[in-house]
Amino acid sequence: MNTKEIPYKIYLDEQEMPKQWYNLRADMNNKPAPLLNPSTLKPMTAEELSQVFCEELVKQELDNDTPYIDIPEPILKFYKMYRPAPLVRAYCLEEKLQTPAKIYYKFEGNNTSGSHKLNSAIAQAYYAKEQGLKGVTTETGAGQWGTALSMACAYFGLDCQVYMVKCSYEQKPFRREVMRTYGAAVTPSPSMETEIGRKILAEHPGTSGSLGCAISEAVEMAAKQDGYRYVLGSVLNQVLLHQTIIGLETKAALDKYGVKADMIIGCAGGGSNLGGLISPFMGEKLRGERDYQIIAVEPASCPSLTRGKFAYDYCDTGMVTPLQKMYTLGSNFIPSANHAGGLRYHGMSSILSQLYHDGLMEARSVEQTAVFAAATEFARVEGILPAPESAHAIYVAMEEAKKCKETGEEKTIVFGLTGTGYFDMFAYEKFNNGTMTDYIPTDEDLKQGFDGIPRFPGNEF
Ligand SMILES: *Cc1c(COP(=O)(O)O)cnc(C)c1O
């Protein structure tokens, strides 16, 4: 098909929106390792997991076999408020870069929460409501997840308690107020409300908090209150499953125009958007139907895939969560103050970790000033002001497009534009003032994190 016929934006019709999520695990030969109970080191049973998570979500978490899972009607209805999301052909960027590459991006920032996180938030809130729960607890770092979850809880009439990393609570008052506008109770973490919060405050007075610590607090509060469960915005298999709506729509849009992607690029924090974007493509790759080059992009300041260990580790600082096998920097690793808050997590989805370990995808780490330079260039030609997280993918997509200019290759590059950056203007201000710095942890810094990874037979790394 002639490229001229491809519109700047490919919109699917509502009826073309996928009605099932795709469970990539069904096509994986090496399944992701099971979550372990930290006290027995045995795989977590559905019953144990149900004390923390909703029952239906536990089923999804443990299901390695069912390839397609129906999206319940009320979730589809909510999705229609902001989906299908457009797949944009970045004609303006291609022109600016003078590249023969064809660049596409899937834009997930078209909702009030400003990111893809709403795709899983609404699913998790729905299953909590179905189970007759009163409410949910969660953590939020930069605030995107908390915002998405508060929107989802407001829609289904659930109580929503958010533990927000203290430095974000103070530096991002607007995100905090969006959450409160949607009815969530927002507490700066660490707080005096939980045992783990009090312990952390006693040991580190004046700490500005971390995601791992906020998770511990949220898990503790879910366990303490009747009718409450904990929900998590990334990392887990269930979250990745919900996010496959991104990849399924992307593939449907490309198929509609007979376009085949060569390269798929996404930023990776806990791995949910990237996992969701690549799932249908990776499925083809695993079934031997087609090959794709798949690239995860992470900040050089928090390099879980590129420099982490593949081992069982805790998902939180307080060590109250199950152990997950993943690429990790150690649950007590606190990354330097990078502005892409959503990418500052010590671990990675176990599905993506396994795929990466098996050589089915690549990973690159990039420094934040280069990322913001790419973000700025992108905003000026494509119009959208990207989230700093998303700009990691933009940076690598632009690098690859520039390589195509040198080689003359007409590669088709698809990347995930996960969200908008309107609440990140302090970071943009630093970049604009020339005061943004880069920090790459030394091997010595990383060793401290690795020393905190639990050691037990079978967990050598
Ligand atoms: C949270 C977030 C990310 C990273 O999370 P993943 O689970 O790795 O997708 C990326 N971009 C934006 C805009 C986010 O809010």
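Figure 1. Domain 1 is pieced together from residues 3-18, 73-114 and 238-451, while domain 2 covers residues 118-233. Keep in mind as you look around that this is a predicted model. Between the C-alpha centres of domain 1 and domain 2 there are 24 Å.

**Figure 2. A close-up of where the domains touch.** Domain 1 brings 29 residues to the contact, and domain 2 brings 30 residues. On the domain 1 side, look for helix H3 (73-79), helix H11 (237-242) and helix H12 (244-256), each of which gives at least two residues. The largest share of that side comes from H3, with three residues. Sorted by class, the side of domain 1 that touches domain 2 holds 15 polar, twelve nonpolar and two charged residues.

**Figure 3. Helix H10 from end to end.** Helix H10 takes in residues 211-224, 14 residues in total.

Figure 4. How many of the 14 residues of H10 are buried? Twelve are, so the helix is largely enclosed by the rest of the structure. A residue counts as buried here if 20 or more other C-beta atoms lie within 10 Å of its own. Among the buried residues you can find Leu-211, Cys-213, Ile-215, Glu-217, Val-219 and Met-221. What do the buried residues of H10 pack against? Their partners are strand S6 (135-140), strand S7 (159-165), strand S8 (185-189), helix H9 (195-203) and strand S9 (228-230).

Methods. Residues are numbered from 1 along each chain as its sequence is written. This is a predicted model: local features need pLDDT of at least 70, side-chain atom pairs count only at pLDDT 80 or more; totals for chains, interfaces and linings use all residues. Domain bounds come from an automatic or database domain assignment. Two residues are in contact if their C-beta atoms, placed from the backbone, lie within 7 Å. Helices (H or I, at least four residues) and strands (E, at least two) are DSSP runs, numbered from the N terminus. Ala, Val, Leu, Ile, Met, Phe, Trp, Tyr, Cys and Pro count as nonpolar, Asp, Glu, Lys and Arg as charged, and the others, Gly among them, as polar. The expected span of a helix is 1.5 Å times one less than its number of residues.
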